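Dear colleague,

I am passing on the structure below, and the notes after it set out what turned up when I went through its salt bridges and helix contacts. Please read them beside the coordinates.

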Amino acid sequence: MSSGIGGSTAETELAALKPWPDPAPAITAAERGDRLRHAQALMAELGAEALIIGAGASLRYFTGVGWNATERLVAMVLPREGGPTMICPRFELGSLEASLGVDAPIALWEEHENPYALVAGVLEAAGAKTLAVDPALPFFAFHGLRKAAPGVAPLDGAPIVDGCRMIKSPAELALMSQAKAMTLEVHRRAARMLAAGITTTAVRRFIDQAHRALGADDGSSFCAVQFGLASAYPHGLPGEQKLARGDIVLIDTGCRVQGYNSDITRTYVFGEPSAEQRRVWDVEKRAQAAAFAAVKPGVPCEEIDAVARRVLESAGFGPDYALPGLPHRTGHGIGLSIHEAPYLVRGDKTPLQPGMCFSNEPMIVLPDAFGVRLEDHFYVTETGAAWFTEPQPSLDEPFRAKN
């Protein structure tokens, strides 16, 4: 049995967990003010006289309001000059005031009223004839705006939203570092509680409980546990599996800390690895390391994907997305959304910049056999890249022993 796999129980591992001892500070109102001013500068470049952001990750980014979108419009309208106005159902006023992290007047609407007419009034008062629209705004909300403000020309707000969110501040990096460190600790303890016959459901339950014990926002934000053949499918198979000796174990999970995401995958073997499992794992490790080493400011995102694929193709995998090989992109941006721009994929020519954060996960899939994915995250520095978490040391030692 590989080091650190099995030999314990869920109860023992959970009993040893306590809330994170040194939590990262929250995002301040001053930083959110800087974000709004940055958005206004990007609005000027785009020719937008106002910006609307609906409920979701971007609303949290700009205002601190971490609500999900529903059929009721909750939004921020930001003119090119001056401060934002919040749009909110009247019965939600108290909840919004408790969540709001910026100074902003709140325009309220009753259940029978048209919230888009309220937005139109805010735009008219600001003299806005062009409106940059949150790319995540639901179509029904976009349609409502078009009907309520036919004289306002809509623009794609992605250059503004992505232009702000893709470069992380030191405070954001600290929150992400905490989330990722917590998830890596959960991974380590999940490996220790494995035993022959354990179900994927039991492992997922443990991982959620462990994230909660460490103080994650809402337990696991997601969790994929794949044994054996199920690991040959990037997002697994439906139904439950039971662990047997010789099985590949692929666990991909994450959590949130003040909204900021972790997303880490570990792959190892329960029992003695076969020669083929070792070969594929070693190629995966080299591809992940090569992608990391290629990171430099100014390098196009797509080049990192190309570097990883060259390693895989030199070992006989692929080419391109062909199997056996890598069926998806090498990585994605991460922050308040688990997947966000830019992406490490062919066609994304965005130059890498300091402060960008990405997953690095050039998975290898062998159809009808197994898959190996090693996923860690890095942030771009002035000279290259830095890992948030240490990559898996080896197939036989999935987690570095603690002192």
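A residue is called buried when its relative accessible area is under 20%, exposed when it is over 50%, and partly exposed in between, the values being taken with a 1.4 Å probe on protein chains only. This is a predicted model, in which local features need pLDDT of at least 70 and side-chain atom pairs count only at pLDDT 80 or more, while totals for chains, interfaces and linings use all residues. Residues are numbered from 1 along each chain as its sequence is written, and side-chain values use heavy atoms, with hydrogens and water left out. Helices (H or I, at least four residues) and strands (E, at least two) are DSSP runs numbered from the N terminus.

Salt bridges

Counting a salt bridge wherever a side-chain nitrogen of Lys or Arg lies within 4 Å of a carboxyl oxygen of Asp or Glu, a search of the whole structure finds 25 of them. The pair E361 and R373 is one, with N and O 3.8 Å apart, and it links distant parts of the chain, since E361 sits in the loop between β13 and β14 and R373 in the loop between β15 (370-372) and β16 (376-380), 12 residues apart. Both partners are buried, E361 with a relative accessible area of 8% and R373 with one of 2%.

Two other bridges lie within single helices. D34 pairs with R37, the closest N and O atoms being 2.6 Å apart, and both belong to helix α2 (residues 29-46), where they are three residues apart, about one turn of the helix. D34 is partly exposed, at a relative accessible area of 45%. D208 and R212 likewise meet in a salt bridge, at 2.9 Å from N to O, and, being four residues apart in helix α9 (residues 200-214), they are separated by about one helical turn. An α-helix has 3.6 residues a turn, so residues three or four places apart point the same way.

Helix pairs

For the helix pairs, axes are lines fitted to C-alpha atoms, for helices over the stretch in contact, and angles run from 0 to 180 degrees between N-to-C directions. Angles under 35 degrees count as roughly parallel, over 145 as roughly antiparallel, 65 to 115 as roughly perpendicular and the rest as oblique. A crossing is right-handed if the near helix is turned clockwise from the far one by less than a right angle, and left-handed if anticlockwise. Contact means heavy atoms within 4.5 Å. By class, Ala, Val, Leu, Ile, Met, Phe, Trp, Tyr, Cys and Pro count as nonpolar, Asp, Glu, Lys and Arg as charged, and the others, Gly among them, as polar.

The axes of α10 (275-293) and α11 (residues 301-314) come within 8 Å and cross at roughly 150°, and the two helices are therefore roughly antiparallel; their crossing is right-handed. V283, R286, A287, A290 and A291 of α10 meet I304, V307, A308, V311 and L312 of α11, a set that divides into nine nonpolar, no polar and one charged residue. Within α11, the buried residues are C301, I304, D305, V307, A308, R309, V311 and L312, and what covers them includes, besides α10, the strands β12 (340-344), β13 (357-360) and β14 (364-366). Just after α11, G316 takes a positive phi of about 95°.

The axes of helix α5 (residues 115-126) and helix α6 (residues 139-148) come within 8 Å and cross at roughly 55°, which makes α5 oblique to α6. Here Y116, A117, V119 and A120 of α5 meet F140, A141, G144, L145 and A148 of α6, and these residues comprise eight nonpolar, one polar and no charged.

The axes of helix α8 (residues 170-192) and α9 come within 10 Å and cross at roughly 135°, and this pair is therefore oblique. M182, T183, E185, V186, R189 and A190 in α8 meet F206, I207, A210, H211 and L214 in α9, giving seven nonpolar, two polar and two charged residues.

A residue in α7

Finally, I160 is found in helix α7 (residues 158-165) and is buried, with a relative accessible area of 0%. Leaving aside neighbours within four places in sequence, I160 is in contact with A39, L42, M43, L46, L51 and A132.
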